[in-house]
Amino acid sequence: LTDLGGLPIHPALAIDTQQRLLLTWVNESTGDLWFSWANSERANIPLEWTKPVVIPSPSDVNDSPSMVVDASGRIVVAYAVAINENRGIYVIQSTDLGVTWSSPQLAFDAVEAAWDRIDQPKLTFTEDGVLHLLFSQYPARAQEDTGTLYYSQSTNGGMTWTAPDEVTPNPVKWSYIVSVPGQGLHRFWQEETRSVASTYHQISTDSGITWNASVLVSSVDTLSSVPSIAPDWMGNIHLLQTSIDELEYFHEWLWTNGRWQLVETKAIAIPKQNSISTVHANVTANGKLYAIFQSELRNELD
């Protein structure tokens with residue numbers, strides 16, 4: 001995709017039952033949300049991608065889209081209007097591969113709640129059709145990109161949402177929510193206190209009505225990336241993360257049979273002046289676990 005009229009940021013990717021790749025992103029120059037799709041087997045061919053269309057929004061300061069697609073092909077996108085007028089979390093849907101979209105529905109009104117800033121929606125759905133949403137509240141002049149994490153759900157396809165519940169009273173740096181068939185609903189978050197990054201996990205077996213006590217998965221006292229979560233077809237969950245001490249390390253935790261275990265730690269051979277800021281992982285249908293690392297070049301003069 002080229003000639004997009006501005007730098008594309010915050011891409012969100014999903015795949016439907018017809019093996020179509022669905023892509024949405026924010027145009028940094030205009031703040032608009034855009035959408036396009038291609039058949040996955042031919043996604044490497046530029047002409048296979050549909051002409052990008054703008055997703056409706058009441059604002060031009062959109063941020064952090066999160067996208068899911070259900071078995072019927074319905075596409076649901078949650079996004080944040082983080083600041084200014086109309087700030088809140090919005091949900092919008094399409095049943096015709098993005099040709100037409102519903103009117104944006106407010107999942108949470110940050111203006112009415114007197115929140116200064118709201119961001120980082122994370123969306124998933126369970127087999128019963130319930131939509132589940134995480135999002136964070138931030139102070140207006142927060143020095144760190146940490147906020148208070150909340151959870152809400154919709155049982156009527158995103159038309160109305162429950163009042164948000166606070167997930168943890170501690171500041172949260174990162175969060176994620178995923179439904180694993182046969183294994184319930186899982187939410188994760190990372191807290192950072194005095195340079196210690198702690199990642200927590202919590203399970204609901206009744207579609208988000210109640211939650212088990214949170215479990216500490218990992219605690220790293222060295223500079224680290226936020227985790228990446230990768231469920232596999234057997235119902236196991238892989239959590240991948242990197243940390244920096246004298247060397248850069250890669251860590252893999254595995255959730256299986258109802259418990260977490262650290263299954264691998266290894267040094268990563270990258271140039272000394274670089275650092276890994278992001279890791280993304282996934283498991284293929286034949287059980288192979290893949291991880292992609294984004295490395296940033298450090299300026300030693302800073």
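Over the face of which residue does arginine 20 lie? Arginine 20 lies over tryptophan 37, at 5.7 Å from the ring centre. A charge counts as over a ring if NZ of Lys or CZ of Arg is within 6 Å of the ring centre and within 35 degrees of the ring normal.

The structure is a predicted model, in which local features need pLDDT of at least 70, side-chain atom pairs count only at pLDDT 80 or more, and totals for chains, interfaces and linings use all residues. Residues are numbered from 1 along each chain as its sequence is written, and side-chain values use heavy atoms, with hydrogens and water left out.

Arginine 20 also forms a salt bridge with aspartate 16. The closest N and O atoms of this pair are 2.7 Å apart. A salt bridge requires a side-chain nitrogen of Lys or Arg within 4 Å of a carboxyl oxygen of Asp or Glu. Aspartate 16 is buried, at 5% relative accessibility. Buried stands for under 20% relative accessible area, exposed for over 50%, and partly exposed for values in between (1.4 Å probe, protein chains only).

Four salt bridges are found in a search of the whole structure. Among them is the pair of glutamate 48 and arginine 42, with the closest N and O atoms 3.2 Å apart. Glutamate 48 is partly exposed at 27%. Arginine 42 is partly exposed at 35%. Another salt bridge joins glutamate 192 to lysine 173, with the closest N and O atoms 3.2 Å apart. This pair links distant parts of the chain. Glutamate 192 belongs to strand β14 (residues 184–193) and lysine 173 to strand β13 (residues 172–180), 19 residues apart. Strands (E, at least two residues) and helices (H or I, at least four) are DSSP runs, numbered from the N terminus. Glutamate 192 has 37% relative accessibility and counts as partly exposed. Lysine 173 is partly exposed too, at 33%.

The whole structure holds eleven aromatic pairs. One is edge-to-face: tyrosine 151 and tryptophan 211, at 5.4 Å centre to centre and 80 degrees between the planes. Tyrosine 151 lies in strand β11 (residues 148–154) and tryptophan 211 in the loop between β15 (196–204) and β16 (215–220), so the pair ties together parts that are 60 residues apart in sequence. Rings of Phe, Tyr and Trp (its six-membered ring) pair if their centres lie within 6.5 Å; planes under 30 degrees apart are stacked, over 60 edge-to-face, and the rest tilted. Tyrosine 151 is buried, with a relative accessible area of 3%. Tryptophan 189 and tyrosine 200 are stacked, because their ring centres are 5.9 Å apart and their planes stand at 20 degrees. Here tryptophan 189 is in strand β14 and tyrosine 200 in strand β15, eleven residues apart. Tryptophan 189 is buried at 2% relative accessibility. The ring of tyrosine 151 also carries a charge over it: the charged end of arginine 187 sits 5.4 Å from its centre. Phe108, Trp115, Phe135 and Tyr150 form one aromatic cluster.

An open sheet is formed by four strands in the order β5-β6-β7-β8, with antiparallel pairing. Two strands pair if DSSP finds at least two bridges between them. β5 (62–69) and β8 (105–109) are the edges; each has a single partner strand, so one side of each lacks a neighbour in the sheet. β5 pairs with β6 (residues 75–81) over six bridges, in the antiparallel sense. Alanine 80 in β6 is the bridge partner of aspartate 63.
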